[in-house]
Amino acid sequence: MNTPRQTPARFARGWHCLGLARQFTDGRPHEIEAFGTKLAVFRGRDDGRLHVLDAYCRHMGGNLAHGTVKGDTLACPFHDWRWGGDGKCAAIPYAQRVPLRARTRAWTTLEENGQLFVWHDPEGNPPGPGVTIPRMDWIDDEPSDGPEASEWSDWTWDSVLVEGAHCRELVDNIVDMAHFFYVHHSVPTRFTNVFEGHVAAMYVESTPRRDSGMELIGADLSLRSDAAYYGPSYMIDRIWQPLGDGTEAETVLVNCHYPVTADSFVLMYGVRVRRLPGTTARQAEDMAARTARGMRVAFDQDIEIWRHKTRVDSPLLSDGDGPVYQLRRWYEQFYVDAAEVRPEMTDRFEFEVDTRRAGEAWEREMAANLARTGTPGTP
Amino acid sequence: MRPVTCEECGTGVLVEKRSLPHTSVQWTGPTDRCPQLAGGGARIEGCTRLRASIEREVREGRLTVAHDD
């Protein structure tokens, strides 16, 4: 943003995905810059579990992410202090004994859907009841015929650092029907939001803009999408696209992020597609890769907007807009102390956007563009 | 927003309709009395009985639509 202002320095309470779990299982520590600090992710050699510690050693500030995994501990490159996944200093080889209360911060972790999550809470409390990442139980990852028999492609996974924007810009998108037309070249024909508890959902049906020559995988197809944020930063989006021959392409998209600073975040997205009848596992992997490239085009369209916009806390809305204020009210629950979460932040709220008036205006605009250019192209 | 009571479970909600296709529903308590929503949360788009109750309110003139063209 050109003039970031009033950007809150506080980071959201909630589960944050750090990436695919397998990215962190190579026996080496990994550095993640997040929540205004640095984290070190490592897998214990003996316990096989993924652990997340504050990267900076409590001793003299060495960066543990540049250290070495030794057994189930992470050894600092500066003086070889050994830190366990529980945050306790397990050994200091050159000292007679470990100081009392030698502890660093061990972050609460979760592995789900092949991804690694950390729990962030400025108050230091554990996750509340029911606050978790749902398992994608419609995907059978352990079919009895072996993993190669899976009906679904493996995860694609990509990440991009977005600088100069608060991650609220990304979350705002789920109530922003009109931007799908202007920024992503699709025409929503149905658009409903539901917020309840820590979940915010978006139910959409859309068709492609017929005046757009945009080459985007799947962009030439109508789609139905059920998407929901589980907490402040992790969205699961299920997408169905009729292929015209009676079959339907089925995709699952994970769209998630973690904050780096108050005005930067790492956006990550992963795609899996269901193998179409009569196609090979390899073809499904190719389809997922193409879909991921299309997602990158869509996210780049958003990033181009964020890079040049400013933060608006009190937007001026029209009757064609979605429930931005109610979404912000829902989102605020993650930025206040747990005791300050008010019922109106979590009470169920439903909003069905009137897509009729917008659809008529967009139809006229598309017809005019086609009449002028003759063929689909740049609107 | 105007209060509407669901004819199925008796839960009261607040409803606004800016136009016939638009509907905004604000719950002011838990959804656990609703047989369709209980346990499903935001992953369930809405309760069909509540929707029918809202449509009846509109039909019978108790819930006005801001722009009913």
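Student: Leaving aside residues up to four places away in sequence, which residues does A:Glu31 touch?

Tutor: This is a predicted model, and contacts are judged here by C-beta atoms that lie within 7 Å. Once residues up to four places away in sequence are set aside, the residues that A:Glu31 touches are A:Lys38, A:Ala40, A:Ala55 and A:Ala65.

Student: Is A:Glu31 buried, partly exposed or exposed?

Tutor: A:Glu31 belongs to strand E2 of chain A. A residue is buried with 20 or more other C-beta atoms within 10 Å of its own, and exposed with 12 or fewer. A:Glu31 has 14 C-beta neighbours inside 10 Å, and therefore counts as partly exposed.

Student: How many Å separate the C-alpha atoms of A:Glu31 and A:Ala249?

Tutor: Along the chain, A:Glu31 and A:Ala249 are 218 residues apart.

Student: Which domains does the assignment give for chain A, and how many Å separate their centres?

Tutor: The domain assignment places residues 14-120 of chain A in domain 1 and residues 152-373 in domain 2. Taken over C-alpha atoms, the centres of these two domains of chain A are separated by 34 Å.

Student: Which strand gives the most to the side of domain 1 of chain A that touches domain 2 of chain A?

Tutor: The contact involves twelve residues of domain 1 of chain A and 14 residues of domain 2 of chain A. On the domain 1 side, E1 and strand E2 (30-34) of chain A each supply at least two residues. By class, that side has six nonpolar, five polar and one charged residues. With seven residues, the strand that gives the most is E1(A).

Student: In what order do the three strands of the open sheet with E1 of chain A stand?

Tutor: Strands of a sheet pair through backbone hydrogen bonds, in either a parallel or an antiparallel sense. In this open sheet of chain A the pairing is antiparallel, and the order is E1-E11-E10.

Student: Why is one side of strand E1 and of strand E10 of chain A left without a neighbour in the sheet?

Tutor: Strand E1 (14-20) and strand E10 (109-112) of chain A stand at the edges of the sheet. One side of each is left without a neighbour because each has a single partner strand.

Student: Which residue in E11(A) stands opposite A:His16?

Tutor: E1(A) pairs with strand E11 (residues 115-120) of chain A in the antiparallel sense, over six bridges. Within E11(A), the residue opposite A:His16 is A:Val118.

Student: Which residue in the turn between E10(A) and E11(A) has a positive phi?

Tutor: Four bridges pair E10(A) with E11(A) in the antiparallel sense, and A:Leu110 stands opposite A:Phe117 in E11(A). The two strands form a hairpin with two residues between them. In the turn, the residue with a positive phi, of about 55°, is A:Asn113.

Student: How many of the ten residues of strand E14 of chain A are buried?

Tutor: Strand E14 (residues 199-208) of chain A is joined to strand E13 (residues 186-196) of chain A by ten bridges. Eight bridges join E14(A) to strand E15 (residues 223-230) of chain A, and both pairings run antiparallel. E14(A) is mostly covered, and the number of its ten residues that are buried is seven.

Student: Which residue of chain A is 8.5 Å from A:Asp158, C-alpha to C-alpha?

Tutor: A:Asp158 lies in strand E12 (residues 158-163) of chain A. Leaving aside neighbours within four places in sequence, A:Asp158 is in contact with A:Met268, A:Tyr269, A:Ala292 and A:Arg296. Although 138 residues away in sequence, the residue at 8.5 Å is A:Arg296.

Student: Which residue in E3(B) stands opposite A:Glu350?

Tutor: The contact of the two chains takes 21 residues from chain A and 16 residues from chain B. Strand E19 (residues 349-352) of chain A and strand E3 (residues 23-27) of chain B run antiparallel and are joined by four bridges. In E3(B), the residue opposite A:Glu350 is B:Val25.

Student: What ipTM does the predictor give the complex?

Tutor: For chain B, the mean pLDDT is 93, and 97% of the residues reach 70 or more. For the complex, the predictor gives a pTM of 0.94 and an ipTM of 0.97.

Definitions and conventions
Residues numbered from 1 in each chain as written. Chains lettered and ligands numbered in written order. Predicted model: local features only at pLDDT ≥ 70, side-chain atom pairs only at ≥ 80, totals over all residues. Pairing = 2+ DSSP bridges. Domains from an automatic or database assignment. Nonpolar A, V, L, I, M, F, W, Y, C, P; charged D, E, K, R; others polar. pLDDT = per-residue confidence, 0-100.
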